[in-house]
Each structure stands twice: as structure tokens, then as C-alpha cells.
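Hi everyone, thanks for making time.

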Amino acid sequence: MTETPDAQSPHYILEHTFGYTGFRGDQQDIIESLVRGEDALVLMPTGGGKSLCYQIPALARPGCGIVISPLIALMQDQVEALRAAGVSAAFLNSSLDFRSAQEIEQQLLGGELKLLYLAPERLLQPRTLELLAQAEVALFAIDEAHCVSQWGHDFRADYLQLSCLHQRFPQVPRVALTATADQRTRQEIAQRLDLSDARHFISSFDRPNIQYRIAPKNNPKRQLLQFLNTEQQGHAGVIYCLSRNKVESTAEWLQQQGFNALPYHAGLPSEVRAEHQRRFLREEGVVMVATIAFGMGIDKPDVRFVAHLDLPKSVEAYYQETGRAGRDGDPATALLLYGLEDVVKLSQMAATSEGNEEHKRQERQRLDAMLGLCEITSCRRRALLRYFNETLEADCGNCDTCLEPPATWDASDAARKLMSSIYRTGQRFGAAHVIDVLRGADTEKIRQFNHNQLSTYGIGSDLSANEWRAVTRQLVVRGYLQVNAEAFNALQLTEQCRPVLRGEETLQLRTLPKAPARATRESAG
Ligand code: ADP
Ligand code: ZN
């Protein structure tokens with residue numbers, strides 16, 4: 001063909017402005033819909049390439065694309081990147097002084113801007129809405145659209161009011177984008193943002209280049225060190241911990257081990273956070289030790305691993321956090337270490353969290369689903385995708401259970417011993433004490449309650465405390481035992497125990513992996 005390429009065509013913009021050769025996944029369909037002026041709802045996993053889905057139509061259509069994002073840091077990064085690519089882009093948020101804001105408003109009215117990023121509260125100010133009414137708007141992109149969902153963790157009241165865009169600007173196409181959305185959240189987004197006519201683009205959540213690995217926490221420091229030393233030397237990665245204290249102590253410890261590790265949590269001064277984030281993005285091989293405050297909107301393609309030292313509280317959270325690894329498509333690893341204490345801590349958090357009973361029940365369910373993923377003996381990826389209503393035709397071959405099918409053992413006898421011990425101590429004690437009784441330990445508490453007189457005292461000395469914790473954890477996860485968060489985390493039997501106690505049911509549990517097999521370069525201590 002001798003036709004000259006149309007400088008407004010999505011493909012031309014993709015190549016000449018962004019320097020990419022082809023579209024990924026649904027990008028082209030989404031972009032073409034928006035260029036035609038239709039609304040869209042885009043569900044794409046983190047790293048899937050959502051930004052281009054609105055950036056290219058904004059460039060292809062007359063006027064300026066308005067991007068609504070809750071994340072100021074992300075706005076700045078995106079605007080910087082766009083400007084570097086020669087796109088006239090800007091943001092309006094509270095970090096700008098009056099004069100700079102006015103300048104940007106003038107550029108918008110003068111038709112000089114192609115992309116303008118706004119926080120939702122800024123957009124909803126009457127002054128901004130009037131400004132937009134006078135400008136030519138190419139489209140509205142509502143990023144992180146799941147923030148409209150009241151059940152999610154990222155709910156933002158401002159997002160609810162974004163439905164006004166439809167009434168005020170009926171001719172302007174809108175696209176809502178998110179990486180987190182089960183069926184229900186998706187419906188909520190469509191309904192609350194008044195997107196009933198929008199076409200839905202649902203991408204696969206599979207991230208084939210991420211290797212999923214979940215292991216019981218035996219000696220987390222040693223396990224982490226082995227992982228870093230044998231597989232991740234010099235690689236950039238994120239290590240998630242539940243508490244700020246643990247973030248700081250872990251970062252410090254890794255620094256002592258010679259790693260370029262930095263802490264990140266919401267309790268650090270904002271300059272420190274910004275500096276650490278900057279170093280993570282710009283320097284090579286930085287290991288960020290962080291709470292979940294870190295990550296949303298971080299665009300670093302070559303993160304080689306994400307490690308969790310504590311259990312995430314839901315499969316969604318796990319997926320979102322691990323999804324920050326390997327955005328460049330190269331092999332990456334997601335390693336999760338979890339233990340009984342995580343289960344106890346999270347059950348407690350769910351039980352004492354704010355919100356009504358229904359909300360607590362849902363949190364509990366989410367946690368159970370996460371625990372289920374940890375304990376399965378089949379392909380992790382299949383289970384993970386099934387959770388997002390996606391079916392994988394075959395086992396993935398790139399998760400720990402595929403690569404090394406877990407060994408199981410007949411734990412019926414051990415389970416009965418544990419159940420009896422819980423029963424005989426009155427279902428009033430936590431795992432540590434029950435295990436002490438089983439192993440015949442000589443502790444103050446045992447003497448105080450005369451538990452050395454029980455028939456179950458010392459009947460479990462054949463297993464290590466670690467093995468008993470594994471048995472306990474698996475019985476909790478499978479619903480045989482429950483942890484009573486309202487009574488000092490006492491272990492209690494459920495109805496499900498009866499057939500096991502009567503010898504009518506056998507229990508196959510995962511065998512605890514032996515201590516790390518490969519040699520490490522770990523230093524002592
Ligand atoms: P998301 O917002 O969905 O998490 P981004 O829009 O930040 O993802 O894109 C993730 C990474 O993929 C970015 O580094 C981006 O430049 C890159 N990317 C997106 N689309 C393409 C494409 N069609 N070809 C090559 N790289 C792409
Ligand atoms: Zn697998």
C-alpha cells in the first residue's frame with residue numbers, strides 16, 4: 001500500500017510516540033472503542049498496560065484527555081514520562097501553587113494540552129467542572145475505578161460523585177479502569193459510575209512469567225536469605241511485611257547482610273518515603289521492605305521478585321501485590337512464607353475490625369480463601385485464576401506445586417492426638433501451650449494447670465514443635481479447628497472433628513519440607 005500513515009491513527013501513535021511495535025491484549029479494541037466515542041470498562045491486571053488505553057485515544061481525538069487518579073505520585077510519574085515522549089501533559093493537584101495551576105488552566109482552555117491528570121476531589125470542585133465545560137474534552141479516564149466500591153479496601157467517597165460526569169458531559173466518552181474487580185465490584189463500578197452502556201473488556205489475569213511459591217514459615221530469615229542469595233543476587237524486589245516495626249527491623253537486618261535494602265511504610269516522613277521510592281525506581285537492585293502502603297501505582301517493569309513475610313489478608317491482595325513483579329514479561333518469582341501465627345493474627349484483625357457482622361464475615365471468608373490457596377496440593381495458578389473466575393486448561397508447570405508436587409502423609413493419628421489435647425485442656429489455650437503439652441514440655445504454665453497429669457501429656461514427642469504447628473495450621477485452614485480470637489486465641493474443636501476422632505476419616509496433610517536443601521552463603525546468626 002502506498003498510503004501515508006495517518007498521524008492520528010492509534011498504531012502510528014503507539015509506534016511514534018511510545019516507541020512500541022504492537023498492542024498487547026485488548027489494548028487495540030479498547031482504544032478503538034474510545035476513539036469512536038464509546039464508553040468502556042477495562043479490567044486488566046497490574047502491568048497489563050492500562051495507561052495506553054486512555055493515553056492513545058486522548059492523543060487521537062480532538063481535545064484534552066482528563067485522567068482521574070487518586071495517586072499524586074503516580075500522576076507526577078506519568079506526566080514526566082509523557083512529557084519525555086513529547087506529549088503535552090500536566091496535572092492539577094494540591095501540590096501546585098496558585099500561579100502554576102492557573103497556567104495549566106490557561107493551557108487547557110487554549111487547547112494546548114493533550115492529557116490532564118486530576119485527583120477526584122479536584123475534579124469535583126465547581127471551579128474545575130466549569131473550566132472543563134469551557135474546554136474541549138477528548139475523554140474521561142477514571143483510573144483505579146474500584147475505589148468506588150464500598151466493600152473494597154481502597155474506597156474513596158469522592159469516587160461516588162464521579163457519576164456526575166455522565167450528566168454534565170454526555171458526549172464525552174468515559175473509560176473506567178481497574179486491576180481489582182471480582183464480578184460484584186465490576187457491577188458496582190458500572191452502576192455507580194453510570195456506565196451501563198459501556199463495553200466491558202476483561203483481560204486474563206494470568207501472569208505466566210511469575211512463578212508462585214508458598215512455603216510454611218520455619219525460619220523466615222534463613223529462608224529469605226537463602227532465596228535472595230541463591231536466586232536473586234543484585235535483583236530489584238519488594239518484601240512485604242504486615243507491621244511497620246517488622247519492616248524496619250527486616251530492612252536493617254538485610255542491610256547488615258549486605259543488601260541494598262530500604263524501608264517503606266506510612267509512618268515514615270514523606271520525604272524519606274519519596275526518597276526511598278525514587279531510589280527503588282532509579283537505582284538497580286534495590287530491595288524495598290514495605291508494608292502494603294508501598295506499591296499502588298509504582299511502575300517499575302524489572303521487579304524480579306515479591307516476597308511476603310506475612311500472609312496477605314485476601315487472594316485479591318496477594319494477587320495485586322505479587323503482580324508488581326515481572327511487569328516486563330521476564331521471569332519473576334512470588335514467594336510467600338506463612339505460619340500459624342499469621343492465621344491467628346489475621347483472624348484476630350478480622351474479628352476486631354470495624355464494620356458490621358456482614359463485613360467481618362466477608363473478611364473472614366477472604367482470609368479463608370487465602371489460606372486455602374496456601375494449603376492446596378494442586379497447581380497454585382489454576383486455583384488463583386479460578387478465584388478470579390478464570391479457567392486454566394492445564395496445570396501451569398510454573399508454580400511450586402507443579403514443579404515439586406508436595407508430599408503428603410497420613411496425619412490421622414497426629415490429628416487425633418492434637419484434638420484430644422485441645423479437648424483435655426478445656427479448649428481454652430492457644431497453640432503454643434497445647435503443643436507444649438503434647439511434647440511433654442516442662443513449663444510454668446503446665447505445672448500451674450497440672451497439665452502434666454493429663455493422658456495426652458507427652459504423647460506427641462515424636463513430632464517437632466514445628467511439625468505440630470504445621471499440623472495445627474492445616475487443621476485450622478481445613479476447618480477442623482478454630483481459633484477463638486475473643487478468648488486469647490484458644491484453639492477449639494469444630495463439628496468436623498468427630499469422624500476423625502471416631503477413626504472414620506483419615507487425614508492426608510502436607511509434609512513439612514526439610515530444612516532448605518541447597519547450600520547457602522548465609523553468615524552465622
Ligand atoms: P497498568 O497501569 O495496567 O499496571 P501500565 O500502563 O503501567 O500498566 O503498563 C505496564 C508496563 O507495560 C509499562 O512499562 C508500559 O510502558 C508497558 N506497556 C504497555 N503497553 C505496552 C505495549 N503495547 N508494548 C510494550 N510495552 C507496553
Ligand atoms: Zn502450577
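**Overall layout**

Let's begin with contacts, where two residues are in contact if their C-beta atoms, placed from the backbone, lie within 7 Å. Among contacts in the protein between residues at least 6 apart in sequence, 72% join residues at least 24 apart.

A word on provenance: this is a predicted model, local features need pLDDT of at least 70, side-chain atom pairs count only at pLDDT 80 or more, and totals for chains, interfaces and linings use all residues. Residues are numbered from 1 along each chain as its sequence is written, while chains are lettered from A and ligands numbered from 1 in the order in which they are written.

The protein has 23 helices and 17 strands; helices (H or I, at least four residues) and strands (E, at least two) are DSSP runs, numbered from the N terminus. Of its 525 residues, 42% count as buried. For burial, we look at other C-beta atoms, placed from the backbone, within 10 Å of a residue's own: 20 or more is buried, 12 or fewer is exposed, and in between is partly exposed.

**The six-stranded sheet**

Now, please look at the open sheet, where six strands run in the order E8-E13-E12-E9-E11-E10 with parallel pairing. Two strands pair if DSSP finds at least two bridges between them. At the edges sit strand E8 (210-216) and strand E10 (261-264), each pairing on one side only. Neighbouring strands here are turned by 15° against each other on average, direction ignored. Helix H11 (residues 220-231) packs on this sheet and touches E8, strand E12 (305-308) and strand E13 (332-338); the direction of H11 makes about 170° with that of E13. Axes are lines fitted to C-alpha atoms, for helices over the stretch in contact, and angles run from 0 to 180 degrees between N-to-C directions.

What covers strand E9 (residues 237-240), and on which faces? Both faces are covered: Gly237 and Ile239 on one side, and Val238 and Tyr240 on the other, are all buried. Four bridges join E9 to E11 in parallel, with Gly237 opposite Val287. Another four parallel bridges join E9 to E12, and there Tyr240 stands opposite His308. Further out, E10 and strand E11 (residues 287-290) run parallel, joined by four bridges, and Leu262 has Met288 as its bridge partner in E11.

Not counting residues up to four places away in sequence, Val471 touches Ala411, Ala414, Ala415, Leu418 and Leu509.

**The ligand and one loop**

Ligand 1 is surrounded by 15 residues, the closest being Tyr20, Arg24, Gly49, Lys50 and Ser51; a residue is near if its C-beta atom, placed from the backbone, lies within 6 Å. Helix H3 (residues 50-60) gives the most to this shell, with three residues.

Finally, Ser196 lies in the loop between helix H10 (183-192) and strand E7 (199-202). Why does Ser196 count as exposed? Because Ser196 has 9 C-beta neighbours inside 10 Å.
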